[in-house]
Every structure is written in structure tokens, then in C-alpha cells.
Amino acid sequence: MNKKILVTGGLGFIGSHTVVALQERGFEVVIIDNLSNSSLDVLGGITKITKISPEYENIDLREKAAVKGFFEKYPDIEGVIHFAASKAVGESVENPLLYYENNLNSLIYLLKQLKQKEAPKFIFSSSCTVYGQADELPISEEAPVKKAESPYGNTKQIGEEIIFDTCKVTPHLNAISLRYFNPIGAHPSAHLGELPIGTPQNLVPFITQTAIGKREKLSVFGDDYPTPDGTCIRDYIHVVDLARAHVVALERLLDEEQDTNYEVFNLGTGKGNSVLEAIKTFEKVSGTKLPYTITGRREGDITAAYADTTKANEILKWKAEFSIDNALESAWKWEQRLQEKEMEETEGM
Ligand code: WQD
């Protein structure tokens with residue numbers, strides 16, 4: 001029988017791509033999502049790609065009794081990949097309690113249920129934000145965790161600590177935290193991609209929305225950083241590569257012996273690109289000219305971050321396969337598909 005995996009936040013950006021990757025490897029997936037930052041249409045996108053409709057439960061993970069009820073209904077869940085969380089840095093500064101409540105309670109309730117199982121496996125969505133501005137580049141997992149700049153970042157740090165402390169006293173629980181660098185792109189079929197609500201805060205959805213005409217122009221936040229072209233440097237990783245890494249990590253937990261029951265891995269390409277390089281690459285792959293202007297720095301931005309991926313390469317035997325060109329091309333295709341869908345819907349009205 002196929003192994004059954006719970007994916008929380010499975011209708012979100014990274015979650016939905018991971019559901020596809022899991023189904024393609026033969027796992028049976030149950031999704032929990034409360035639709036707070038996603039849409040039921042995503043289920044259709046997943047099914048179009050894999051021809052398998054995953055089970056879906058609309059559950060709010062802040063409700064302890066509902067989490068318990070879920071595990072009673074699905075006693076054969078063997079692992080959990082936990083994406084469900086709020087992720088807007090600025091909003092977390094405005095509303096810290098919402099972030100601490102959402103991101104930490106859900107994690108605690110899941111772990112409380114999971115530890116009652118025989119050999120539970122757990123994968124946590126963490127972020128390179130835990131490193132802040134690292135002293136050395138590329139950033140390895142050994143780099144110190146710095147005081148978080150935002151409540152969002154703090155929930156990732158505290159989340160990791162909660163799992164670490166729990167694993168220490170729960171030897172039958174095996175967990176991995178995956179620290180993502182900057183996830184971008186979309187499924188090459190254009191059936192899945194990022195669905196930002198309101199004005200996008202992240203670079204790539206802002207670029208694609210500007211190129212399609214939804215936004216007037218992109219603001220480049222600062223060109224006076226100590227980098228070759230003065231703009232910030234990030235490690236942009238294709239969401240399909242990231243999704244595959246979750247499957248590989250889960251298979252490690254299910255099938256391999258580990259020296260320790262809690263591990264941390266960076267997930268990035270290992271290559272840094274500046275904001276201006278990202279813009280130029282986008283213009284090249286899309287054949288469009290992107291209107292942009294240089295504005296002041298955005299508060300809280302760090303100068304440069306890119307991953308040392310040696311640990312994931314060697315232990316997970318995973319390596320990013322797609323380039324930033326591929327990722328931006330897929331993001332553009334997705335934005336165009338979204339526009340087509342909107343036009344079809346307006347015409348159908
Ligand atoms: C990338 C670069 C901006 C928008 C954030 C979170 C992180 C992670 C991913 C996820 C920066 C510049 C952006 C724009 C710009 N979290 N930029 N104009 O800030 O590296 O990481 O998202 O859930 O925790 O902090 O990503 O895409 O916002 O910015 O010039 O309109 O693009 O200054 O240099 P960031 P980003």
C-alpha cells in the first residue's frame with residue numbers, strides 16, 4: 001500500500017508543488033489547508049498535472065481539537081510536511097500575535113499528535129531568514145542563527161527550536177527542517193504557481209505582474225549596497241526543485257538510518273543573483289521590457305544571501321537542476337496563464 005502523507009498548507013505555493021512531487025513518487029497525499037492564503041482552484045491544478053485528486057480537509061490548525069480529530073480520522077498517516085504558516089514579513093511586524101499564534105500553535109498541536117505514533121516523520125518549512133546577514137558567503141548550516149528581524153522570522157527560529165527540543169526527548173520522532181532561500185517560479189505546465197493576495201511583496205511576482213500590465217513599474221529597493229551592481233543578492237530557487245527536495249528528505253526519514261533524529265538542510269542553488277540581474281534575465285526570457293525605477297532601501301533587507309548546498313548535495317543527494325532563467329520563464333508563463341483565465345471568466349460572465 002502507498003504511504004500516506006499529510007501536507008499542511010498543501011494548496012499554497014510550495015505546498016502544492018510538493019503535493020505533485022509526492023504523488024509522482026507514489027505517495028498518497030492528504031492536504032490540510034484553511035484557504036487563508038490559497039484557493040480551492042489549486043486542487044484542480046494538482047489534479048490536472050498528476051491525474052490524482054488528493055484528499056483535502058479544510059481544518060484550522062490553531063484548533064487543537066480539530067488537529068486531534070484529523071489524526072483519529074486518518075490513523076495511517078506516516079509523515080507530515082508542514083507548510084501551513086503565515087509568511088508576510090511586513091504583516092508580521094504589524095500583527096505579531098497573529099504570527100506567533102498561527103505559526104507556533106499549529107506546529108505544537110501537530111507535534112503533540114505525531115509523537116503518539118509509532119515512528120512519525122516530520123518536515124518543517126524553515127527559511128534562510130534565520131541566518132540574517134551572515135558573516136560568510138555562501139551560507140552553510142553551521143552559520144550562526146541571528147536575532148530575527150521580524151516576528152515572521154522569529155516564528156521560524158522558535159519553530160526550529162521547538163522541533164529540536166521535542167526530538168531530543170522523543171527518540172522515535174524523526175524530523176528535518178529545510179531552510180529555503182528564495183523560492184520562485186511555477187510548474188512548467190502552468191497549472192500551478194504563486195497566487196499572491198493583493199500587492200506582491202516579493203520580487204518575482206511583482207516583476208511578472210508589472211510585465212503583464214497589472215502594476216505600473218517595479219521599484220528596485222536600493223542600488224547603493226556593497227555588491228557589484230549595488231543591488232541586493234539572493235539565491236533564487238525554482239519551486240519544482242524545492243518540491244523535489246521535500247520528497248527526498250521524506251524518503252530519507254522513511255527509508256534511511258540517520259545519526260541523529262533531527263537534521264537541518266539549506267535548500268538553494270548555491271548561486272547568487274542581484275535584483276538587476278534578475279530583471280535582465282526576466283527581460284531576456286520573456287522578450288518584454290520591464291519598467292523599473294530605483295528607490296530607497298527597504299527596511300530589514302540584507303545585502304546578500306546564497307546557500308552553501310554541500311550538505312543537501314551530499315546527504316540528501318539533491319541538487320537544484322533548474323536555473324534562474326528556467327524559473328523566471330515558468331513564472332512568466334504562469335502569469336500569462338492567470339491572465340488568460342481571468343479573461344475567460346470575464347467573457348463567460
Ligand atoms: C528579493 C530582493 C528586495 C520586491 C523574503 C523573506 C524570506 C522568504 C522569502 C518567505 C530583495 C528586492 C523586492 C520589490 C525589490 N520568506 N525587491 N523590489 O526579502 O529576500 O525574502 O521572501 O516566506 O524570509 O524575507 O525576498 O522577493 O521580497 O526580495 O527590489 O518590489 O528583491 O529588496 O533584494 P527576500 P523578496
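Before I go on, a word about the model. This is a predicted model, where local features need pLDDT of at least 70 and side-chain atom pairs count only at pLDDT 80 or more, while totals for chains, interfaces and linings use all residues. Residues are numbered from 1 along each chain as its sequence is written, and side-chain values use heavy atoms, with hydrogens and water left out.

Back to the ligand. Helices (H or I, at least four residues) and strands (E, at least two) are DSSP runs, numbered from the N terminus.

Which polar atoms lie by the ligand's oxygen atoms? Asn182 has a polar side-chain atom 3.0 Å from an oxygen atom of the ligand, and Asn202 has one 3.1 Å from an oxygen atom of the ligand. For Ser219, a polar backbone atom is 2.7 Å from a nitrogen atom of the ligand. How much of the ligand does the protein bury? Taken alone the ligand exposes 690 Å², and the protein buries 88% of that. Those areas come from the Shrake-Rupley method with a 1.4 Å probe; for residues, only the protein chains shown count as cover.

Now please find Arg179, in strand E6 (residues 174–180). Is it buried or exposed? Arg179 is buried, because its relative accessible area is 5%. The cut-offs are under 20% relative accessible area for buried, over 50% for exposed, and partly exposed in between (1.4 Å probe, protein chains only). The side chain of Arg179 makes a polar contact of 2.6 Å with that of Glu160 and another of 2.9 Å with that of Tyr131. A polar contact is a pair of N or O atoms within 3.5 Å; within protein, one must be able to donate a hydrogen and the other to accept it, and residues adjacent in sequence count only if both atoms are side-chain atoms.

Arg179 also touches Cys128, among others, not counting residues up to four places away in sequence; contact means heavy atoms within 4.5 Å. Cys128 itself counts as buried, at 13% relative accessibility. How many disulfides does the whole structure hold? A search finds zero, a disulfide being a pair of cysteine sulfur atoms within 2.5 Å. For Cys128, the nearest cysteine sulfur is that of Cys232, 12 Å away.

Last, some backbone geometry. Most residues other than glycine have a negative phi, and most peptide bonds are trans. Leu35, however, has a positive phi near 65 degrees; this residue sits in the loop between strand E2 (28–32) and helix H2 (41–50), and is partly exposed at 28%. Lys317 has a positive phi too, near 55 degrees. Lys317 lies in the loop between helix H10 (310–316) and helix H11 (324–348), and is exposed at 64%. Finally, the peptide bond from Leu137 to Pro138 is cis, with omega near -10 degrees, and Pro138 is in the loop between strand E5 (121–127) and helix H6 (151–168).
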